[in-house]
Amino acid sequence: RPADFLSADIARRTRASGGRLIDGKALDDLRATAGAWGKVPGVFLGANTDADALPVMRGALGARCEPTVWMDGVRSGVASGWELRGLLLNAQRVEVYTNPSRVPPEFTSGGLDPCGVIALWTR
C-alpha cells in the first residue's frame with residue numbers, strides 16, 4: 001500500500017484505539033537505548049534492565065506481559081530486546097497499544113491473557 005494510505009490507517013487506528021505513534025526523535029531514542037521505552041506511557045522495562053530488555057506492558061488480567069510485535073503488518077517472533085532494537089533500525093514509525101482490550105482488530109492474536117502490541121512500519 002502507498003505510504004499515504006498507510007499514514008491514514010495509522011492515524012485512524014491510534015485515534016480509535018488510544019494508541020501512540022512514535023517517529024522522529026522519539027524513534028531515534030528507542031533505537032539508541034532500550035531505556036527509552038520507559039518514556040512511553042504504559043510501557044515498562046522488563047526485569048533485565050540492560051540492552052536485551054524487552055519492554056513489557058500490563059496484560060488483560062493485570063500482570064506484566066511481553067507485547068506482541070508486528071512488522072509491516074505481519075506478526076513477528078521477537079523474543080528479546082536486542083531483536084526488537086534490530087527491527088527498529090529499519091522502522092520509519094511505530095504504533096504502540098498498551099491497553100489489550102483496545103488493540104486494533106488487525107493486530108489481535110489469541111491468548112488467555114492478551115497483552116499490548118508494538119507495530120513497526122518500514123515504509
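## Salt bridges at a glance

Search the whole structure and you find six salt bridges, where a salt bridge is a side-chain nitrogen of Lys or Arg within 4 Å of a carboxyl oxygen of Asp or Glu. Keep in mind that this is a predicted model, so local features need pLDDT of at least 70 and side-chain atom pairs count only at pLDDT 80 or more, while totals for chains, interfaces and linings use all residues. Residues are numbered from 1 along each chain as its sequence is written, and side-chain values use heavy atoms, with hydrogens and water left out.

Take Arg-13 and Glu-95: the closest N and O atoms of this salt bridge are 2.7 Å apart. Arg-13 sits in helix H1 (residues 3–17) and Glu-95 in strand S6, so the pair ties together parts that are 82 residues apart in sequence. Helices (H or I, at least four residues) and strands (E, at least two) are DSSP runs, numbered from the N terminus.

Asp-29 and Lys-25 make another salt bridge, with the closest N and O atoms 2.8 Å apart. They are four residues apart in helix H2, which puts about one helical turn between them. Here Asp-29 is partly exposed at 23% relative accessibility, and Lys-25 is exposed at 60%.

Asp-72 and Arg-123 also meet through their side chains in a salt bridge, 3.5 Å from N to O. This one links distant parts of the chain, 51 residues apart: Asp-72 is in the loop between S4 and strand S5 (74–75), and Arg-123 is in the segment after S7. Both ends are partly exposed, Asp-72 at 23% relative accessibility and Arg-123 at 36%. Salt bridges with shared partners also join Arg-12, Arg-13, Glu-95 and Glu-106 into one network.

## The nonpolar cores

The largest nonpolar core has 21 residues, and those with the most contacts inside it are Trp-37, Leu-84, Leu-88, Val-94, Val-96, Ile-118 and Leu-120. A nonpolar core here is a set of buried Ala, Val, Leu, Ile, Met, Phe, Trp, Tyr and Cys residues joined through side-chain atoms within 4.5 Å. Which elements give two or more residues to this core? They are helix H2 (24–32), strand S4 (68–71), helix H3 (81–88), strand S6 (93–97) and strand S7 (117–121).

Look at Leu-120 for a sense of the packing. Setting aside neighbours within four places in sequence, Leu-120 is in contact (heavy atoms within 4.5 Å) with residues including Val-69, Met-71, Leu-84, Leu-87, Leu-88 and Val-94. The contacts of Leu-120 also include Asp-72 and Arg-93. A second, separate core of nine residues includes Trp-70, Val-103, Phe-107 and Trp-121.

S4 and S7 run parallel and are joined by four bridges; two strands pair if DSSP finds at least two bridges between them. S4 also pairs with S5, in the antiparallel sense, over two bridges.

## The disulfide

The structure holds one disulfide, meaning a pair of cysteine sulfur atoms within 2.5 Å. Cys-65 and Cys-115 form this link, with their sulfur atoms 2.0 Å apart. The link is right-handed, with 90° about the S-S bond.

Cys-65 is buried with a relative accessible area of 14%, and Cys-115 is buried at 11%.

Notes
Buried < 20%, exposed > 50% of the residue type's maximum accessible area, 1.4 Å probe, protein only.
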